[in-house]
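Subject: Structure handover and findings

Dear colleague,

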Amino acid sequence: MNKSENLTDYILEVENLKKYFPIRSGFFQRVTGNVRAVDGITFNLRRGSTMGLVGESGCGKSTAGRTILRLMEKTGGSVKFDGKDIFNMNKSELRKQRTKMQLIFQDPYSSLSPRLPVGEIIGEAVREHKIVPPAEYHDYIDEIMRSCGLQSFHKNRYPHEFSGGQRQRICIARALALNPEFVVCDEPVSALDVSIQAQIINLLCDLSEKYNLTYLFISHDLSVVEYISDTVGVMYLGNIVEFGNKRDLFKNPLHPYTKALFSAIPVPDPNFKMNRIILEGSIPSPANPPHGCKFHTRCRYCMDRCKTEVPIFAEIEPNHYTACHLYDNDIKGSGAKNE
């Protein structure tokens with residue numbers, strides 16, 4: 001982020017966020033270590049934009065999203081929403097902010113109560129937070145449902161009566177009903193068929209434009225992320241190893257891990273010869289990450305310093321950041337923040 005830019009342009013400011021889960025063992029269940037699910041991530045998210053967060057399973061994407069919403073307590077760092085640190089808020093202040101921050105879950109079936117009709121699922125929090133006057137309640141729910149591609153007569157039906165795509169529309173309507181400003185989309189289309197995925201992604205894009213929503217879009221599907229995102233962060237073992245504008249990052253990935261991920265994107269051309277980069281070995285345990293650069297155990301460009309020195313996360317190209325010793329001579333300044 002450029003120093004001249006105004007921080008009020010950013011709805012979310014994440015600074016060195018950490019989330020560790022204690023490992024307990026022995027008769028007295030003493031803490032003998034920590035699983036470093038999120039190990040110090042930093043980025044700013046511009047109001048009205050969409051940031052994609054990608055990486056292999058187990059890299060900490062979902063944990064980061066839920067910690068940002070304070071569904072989990074942090075281990076360290078700070079998260080500012082509209083300039084206010086959400087971890088310094090008391091229960092009353094946090095309750096007021098809850099309507100502005102919402103989450104769309106990965107599984108549209110298990111995240112919906114099977115005992116409540118759709119109208120009650122969408123409207124329960126609306127009534128609790130008094131979003132609209134009681135006289136306008138039913139019209140408001142109908143409007144939200146129509147915005148998400150649902151009909152008003154669906155209100156009296158139960159989740160098991162809907163298809164997977166319709167259930168995800170219900171989840172989106174439930175989040176949208178609280179009139180949020182920021183939505184974490186935790187792999188919202190990974191459980192759906194490809195044709196239905198396209199419908200849901202287009203719906204999210206339309207809603208973002210209509211209601212000026214800001215998304216943190218967590219996914220392992222790079223094609224989807226390329227379509228919906230404005231900026232992209234790549235996570236590996238609890239850290240963001242590369243961040244930049246979508247166009248720059250997909251056109252010229254810098255980090256060896258990002259290059260390996262992008263080499264797996266299928267190309268719809270039978271005559272195109274893919275130059276697939278195969279990563280050797282498995283992901284190290286987040287309970288005992290490697291010293292130095294965490295990726296050095298799987299990196300084809302590994303140098304001696306990679307095994308002992310943690311690379312600086314810095315700007316290599318304009319608004320394009322990475323953490324890799326290959327670019328030490330190109331660093332413009334240390335301690336740079338993601339845009």
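Helix 3 provides four residues to the lining of the second largest pocket, which is the largest share from any element. Please note that the model is a predicted one. Besides helix 3 (118–128), strand 6 (101–104) and helix 5 each contribute at least two residues to that lining.

Helix packing

Helix 3 and helix 5 also pack against each other, with an angle of about 25° and axes 8 Å apart. Angles under 35 degrees count as roughly parallel, and helix 3 and helix 5 are therefore roughly parallel to each other. Their crossing is right-handed. On the helix 3 side the residues are V118, I121 and I122, and these meet I170, A173 and R174 of helix 5. Five nonpolar residues and one charged residue make up this contact, with no polar residue.

Helix 3 has a further partner in helix 4 (residues 137–147): the two axes come within 10 Å and cross at roughly 120°. Helix 3 passes helix 4 in a right-handed crossing. Helix 3 makes the contact through V118, G119, I122, G123, E124, V126 and R127, while helix 4 uses Y137, Y140, I141, I144 and M145. By class, the contact between helix 3 and helix 4 has eight nonpolar, two polar and two charged residues.

Helix 5 (residues 164–176) in turn packs with helix 6 (residues 194–211), where the axes come within 10 Å and cross at roughly 15°. Helix 5 and helix 6 are therefore roughly parallel to each other. The crossing of helix 5 with helix 6 is right-handed. From helix 5, the contact involves G165, Q168, R169, I172 and L176; from helix 6, it involves I196, Q199, I200, L203, L204, L207 and Y211. Eight nonpolar, three polar and one charged residues form the contact of helix 5 with helix 6.

Cavities

How many cavities of 30 Å³ or more does the structure hold? There are two cavities of that size.

The second largest cavity has a volume of about 40 Å³. I104, I172, A175, L176, P180, V183, L204, L207, L213 and Y215 line this cavity. Two or more of these lining residues come from helix 5, and two or more from helix 6. Helix 5 gives the largest share, three residues. The lining of the second largest cavity divides into 10 nonpolar residues, no polar and no charged ones. I172 and L176 of helix 5, together with L204 and L207 of helix 6, belong to the contact of these two helices and also line the second largest cavity.

The largest cavity contains about 70 Å³ of space. Its lining consists of P256, C293, F295, H296, C299, Y301, C302, C306, C324, H325 and L326. Nine of the residues lining the largest cavity are nonpolar and two are polar, with no charged residue.

With kind regards

Key. Residues numbered from 1 in each chain as written. Predicted model: local features only at pLDDT ≥ 70, side-chain atom pairs only at ≥ 80, totals over all residues. Heavy atoms only, no water. Axes fitted to C-alpha atoms, helices over the stretch in contact; angles between N-to-C directions. Parallel < 35°, antiparallel > 145°, perpendicular 65-115°, else oblique. Left-handed = near helix turned anticlockwise from the far one by under 90°. Contact = heavy atoms within 4.5 Å. Nonpolar A, V, L, I, M, F, W, Y, C, P; charged D, E, K, R; others polar. 1 Å grid on protein atoms, 1.4 Å probe; cavity = no way out; pocket = protein on both sides within 12 Å on 5 of 7 lines; lining within 4 Å. Points joined across faces, edges and corners; volume = space filled by probe spheres on them.
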